[in-house]
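Hello,

Here is the structure I promised to pass along. Please have it open while you read, and my notes on what turned up follow below.

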Amino acid sequence: FRHFSATKSCSSNIIMAFTDLILGFISQFDGTMQTSHHIEIISNAIIENFSDANFSIDSIYDEFDLSKDYIRRQFIKEKGISPLQFLNNTRINSAQKLLLSRNINNLKIYEIAERCGFSDQLYFSRVFKKIVGVSPKEYVGEPTNEPYNS
């Protein structure tokens, strides 16, 4: 405060710096932060292809003249998670919707796993539990075959 009030000549610079800082914080919380063009392309490709079990994030990296490590770091910086985590989250979000509508679509859990891009039901269950916190069976309220720990 003493510095600010003592040097009137730089007060406009300080005000501008604080304004930029505040706007940066606001943009992080309201979701208006701009994403890079290549990160947007990767995000859209993941969303469009998540149901394909043969889909590979590496194939997207090859479309750019940037290193995989740089793109991955930039993705994490802008989205807060890695491209693989984004892919798994997208798949699991879709699986959650399908699991909750099982009484309408009559799909088995392994069929839901396949529709969401998982070729292995066991891997699907592991990823589902890691992200959601419960197994797919527990999520829909089915009893599991696991013994109870007293």
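His-38, Ile-39, Ile-42 and Ser-43 of helix H3 are in contact with Tyr-70, Ile-71, Gln-74, Phe-75, Glu-78 and Lys-79 of helix H5. Sorted by class, that contact has five nonpolar, three polar and two charged residues. Please keep in mind that this is a predicted model. H3 covers residues 37-49 and H5 covers residues 68-79; they pack at an angle of about 85 degrees, with their axes 10 Å apart. Angles of 65 to 115 degrees count as roughly perpendicular, so H3 is roughly perpendicular to H5.

Next, the nonpolar cores. The largest one has 14 residues, and the members that touch the most others are Ile-42, Ile-46, Phe-55, Ile-57, Ile-60, Ile-71 and Leu-87. At least two residues come from each of H3, helix H4 (57-61), H5 and helix H6 (83-100), and H3 gives the most, with four residues. Another core, of 13 residues, lies apart from the largest one and includes Ile-92, Leu-98, Ile-112 and Cys-116.

Ser-82 sits in the loop between H5 and H6. Is Ser-82 buried or exposed? With a relative accessible area of 6%, Ser-82 is buried, because the cut-off for that is under 20%. Again not counting residues up to four places away in sequence, Ser-82 touches Arg-72, Phe-75 and Ile-76.

Now for the aromatic rings. The whole structure holds five aromatic pairs. One of them is Phe-75 with Phe-86, an edge-to-face pair at 5.7 Å centre to centre and 70 degrees between the planes. Phe-75 belongs to helix H5 and Phe-86 to helix H6, so this pair ties together parts that are eleven residues apart in sequence. Both Phe-75 and Phe-86 are buried.

Phe-124 and Phe-128 make a tilted pair, with 5.7 Å centre to centre and 55 degrees between the planes. These two lie in helix H9 (residues 121-132), four residues apart, about one turn of the helix. Phe-124 is buried, at 0% relative accessibility, and Phe-128 is buried at 0% as well. Phe-124 and Phe-128 also belong to one aromatic cluster with Phe-118, Tyr-123 and Tyr-139.

Methods: Residues numbered from 1 in each chain as written. Predicted model: local features only at pLDDT ≥ 70, side-chain atom pairs only at ≥ 80, totals over all residues. Heavy atoms only, no water. Axes fitted to C-alpha atoms, helices over the stretch in contact; angles between N-to-C directions. Parallel < 35°, antiparallel > 145°, perpendicular 65-115°, else oblique. Contact = heavy atoms within 4.5 Å. Nonpolar A, V, L, I, M, F, W, Y, C, P; charged D, E, K, R; others polar. Core = buried A, V, L, I, M, F, W, Y, C linked by side-chain atoms within 4.5 Å. Buried < 20%, exposed > 50% of the residue type's maximum accessible area, 1.4 Å probe, protein only. Phe/Tyr/Trp six-rings, centres within 6.5 Å; stacked < 30°, edge-to-face > 60°.
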